[in-house]
Amino acid sequence: MSPPEIDARTAHAAGVERLLESYRAVPPTASVRLAKPTSNLFRTRAKAQTAGLETSGLTGVIAVDVNTKTADVGGMCTYQDLVAATLPHGLAPLVVPQLKTITLGGAVTGLGIESTSFRNGLPHESVLEMDILTGAGDVVTVSPTEHDDLYRAFPNSYGTLGYAVRLRIELEPVEPFVALRHLRFHSLTDLVAAMDRIVETREVDGEPVDFLDGVVFSAHESYLTLGTRTSVPGPVSDYTGQQVYYRSIRHDGALTRDRLTIHDYLWRWDTDWFWCSEAFGAQRPWVRRLWPRALRRSSVYAALMRYEQRFHIGDRIERLNGRPPRERVVQDVEVPIDRCGEFVEWFLATIPIAPIWLCPLRLRGAGWPLYPMRPGRAYVNVGFWSTVPVGLIDGETNRLIERTVTQLHGHKSLYSDSYYSPEEFGELYGGDLYRAVKQRYDPDARLLDLYAKAVQRR
Ligand SMILES: Cc1cc2nc3c(=O)[nH]c(=O)nc-3n(C[C@H](O)[C@H](O)[C@H](O)COP(=O)(O)OP(=O)(O)OC[C@H]3O[C@@H](n4cnc5c(N)ncnc54)[C@H](O)[C@@H]3O)c2cc1C
């Protein structure tokens, strides 16, 4: 072990000790929760009454092993910090969620996705082993062969079975640049057919496709962006300044090309939180010039959004203008690729939200019980993040989306508002198995239950 690695392991061990002390300080009658400076969770939560778990010592990269192409990382390490440690070695995590402050533990327990997911699956599938603080207060190492029940039930458990304090993950080689092709489609059927082909062949016109995602602006204007790793030097674009990435995708021809550094490609969606920075005026040229570059990032918009939610500023403005308050529709859903066109057509005709993000994925191996997707089958993640006028009942539009997704044999991520009944929820998210694992690793229910957290907003 090198001296810096010894230091990092010592610091991590001290961090675990502080975490355990803070666990022991929580009264036995109170729920155990994380105290973490950032979050990408969107649902509102009840305010905690007691101090949360101390996680400040678990935010580092412990070691990057170039030979085995693996990294050992603290559970609350952000992907931004991890990528900063791996790129100098020409390596990256197999899936890097787009928002810089998403942590390894958060992406594994709450499911992340990105444009490598059509070949690398989801972030938890590249976890070789994890140390988890269970509800019972033990730190156990889990892997496909040790405590495999917890290893398999952890993805989509949102910290209700335990907290990941260390993860060992696989890395893959990357090149310094990504060459982009933006393909335009005038029909969603054509776009989905092309996406399906690329998921299978991983190439278009003889050029390999290493990264694949898409944006739908309307039924007649949609794009697939194909990325190819390359070491060929040359000019690159910069979308952290005055230009906005998602706008650069749009064109009237069949194909445009672009190039980014691998760093800027991985964080291309963070600068403007996909397109959501528009809500804060950050895409207006004069505002953009004044908005400090370092503050053009998703964590800043997320903080502004939380402030807005807390004080209902948007609803007050709507009321002043004589309009009804708005329902938040911030969701990511997965539908089988053969139902994707149908879902998006329905969505565009029914819900007044665009653009929409598309990201194909296929599991690498066996299925995962709390988010049951069929191994070997291709799905498409559809992301939409906005508001609509409120309906007659609470969460009317979100409920309609939930029903439609279930009818199409899809699933919904649980980072945002959900309205399922306990029975539906149990059927969709591995109910019986979840309860058995919960009973084994959190027998006194020190951690919240998944339904309480995801639907009852506790
Ligand atoms: C607008 C929006 C768009 C999104 N888009 C994407 C996307 O495109 N791609 C993508 O990959 N993801 C996306 N996400 C989802 C995001 O990846 C998940 O919400 C993820 O869980 C956030 O991780 P975090 O580290 O910020 O965790 P937090 O937001 O802090 O926590 C999320 C949940 O995970 C639990 N948790 C946190 N750390 C740990 C840990 N170490 N061990 C166990 N449990 C833990 C918390 O208790 C909490 O329940 C999006 C979220 C939002 C709000």
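Histidine 147 is found in the loop between strand E7 (139-142) and helix H5. Helices (H or I, at least four residues) and strands (E, at least two) are DSSP runs, numbered from the N terminus. Phi of histidine 147 is near 45°, a positive value in a residue other than glycine. Most residues other than glycine have a negative phi, and most peptide bonds are trans. Histidine 147 counts as buried because 20 C-beta neighbours lie inside 10 Å. The burial scale runs on C-beta atoms placed from the backbone: buried means 20 or more others within 10 Å, exposed means 12 or fewer, and partly exposed is in between.

This is a predicted model: local features need pLDDT of at least 70, side-chain atom pairs count only at pLDDT 80 or more, and totals for chains, interfaces and linings use all residues. Residues are numbered from 1 along each chain as its sequence is written.

## The loop between H8 and H9

Tryptophan 273 has its place in the loop between helix H8 (262-266) and helix H9 (285-290). Its phi is near 50°, again positive in a residue other than glycine. Tryptophan 273 is buried because 23 other C-beta atoms lie within 10 Å.

Glutamate 278 also sits in the loop between H8 and H9. This glutamate counts as partly exposed because it has 16 C-beta neighbours inside 10 Å.

## Domains and their contact

The protein chain is divided into domain 1 (3-174 + 440-454), domain 2 (177-268) and domain 3 (312-419). These bounds come from an automatic or database domain assignment. The centres of domain 1 and domain 3, taken over C-alpha atoms, are separated by 26 Å. Their contact takes 22 residues from domain 1 and 19 residues from domain 3. Two residues are in contact if their C-beta atoms, placed from the backbone, lie within 7 Å.

On the side of domain 1 that touches domain 3, helix H4 (117-120) and helix H5 (148-153) are the elements that give two or more residues. H4 supplies the largest share, three residues. By class, this side of domain 1 has 10 nonpolar, eight polar and four charged residues. Ala, Val, Leu, Ile, Met, Phe, Trp, Tyr, Cys and Pro count as nonpolar, Asp, Glu, Lys and Arg as charged, and the others, Gly among them, as polar.

## The ligand shell

Which residues come nearest to the ligand? Of the 29 residues around it, these are Gly105, Gly106, Gly110, Gly112 and Gly159. A residue is near a molecule or strand if its C-beta atom, placed from the backbone, lies within 6 Å of it.

Helix H3 (104-110), strand E8 (162-173), strand E15 (326-336) and strand E17 (379-389) each supply at least two shell residues. H3 gives the most, with five residues. Domain 1 and domain 3 each contribute at least three residues to the shell.

## The eight-stranded sheet

Eight strands form an open sheet in the order E14-E9-E13-E12-E16-E17-E15-E18, with antiparallel pairing. Two strands pair if DSSP finds at least two bridges between them. The edge strands are E14 (255-261) and E18 (411-412), each pairing on one side only. E15 and E18 pair in the antiparallel sense over two bridges. Here glutamate 334 stands opposite histidine 411 in E18.

Helix H12 (residues 337-350) has 14 residues. From first C-alpha to last it reaches 20 Å, close to the 20 Å expected at 1.5 Å a residue. The expected span is 1.5 Å times one less than the number of residues. The buried residues of H12 are Ile337, Cys340, Gly341, Phe343, Val344 and Phe347. Their cover includes helix H6 (188-201), strand E12 (211-218), E15, strand E16 (356-361), E17 and helix H13 (396-407).

Proline 355 lies in the loop between H12 and E16. The peptide bond from alanine 354 to proline 355 is cis, with omega near 0°.

## The E3-E4 hairpin

Strand E3 (residues 61-65) and strand E4 (residues 70-74) pair in the antiparallel sense over four bridges. They form a hairpin with four residues between them. Lysine 69 in the turn has a positive phi of about 50°. Aspartate 65 stands opposite threonine 70 in E4.
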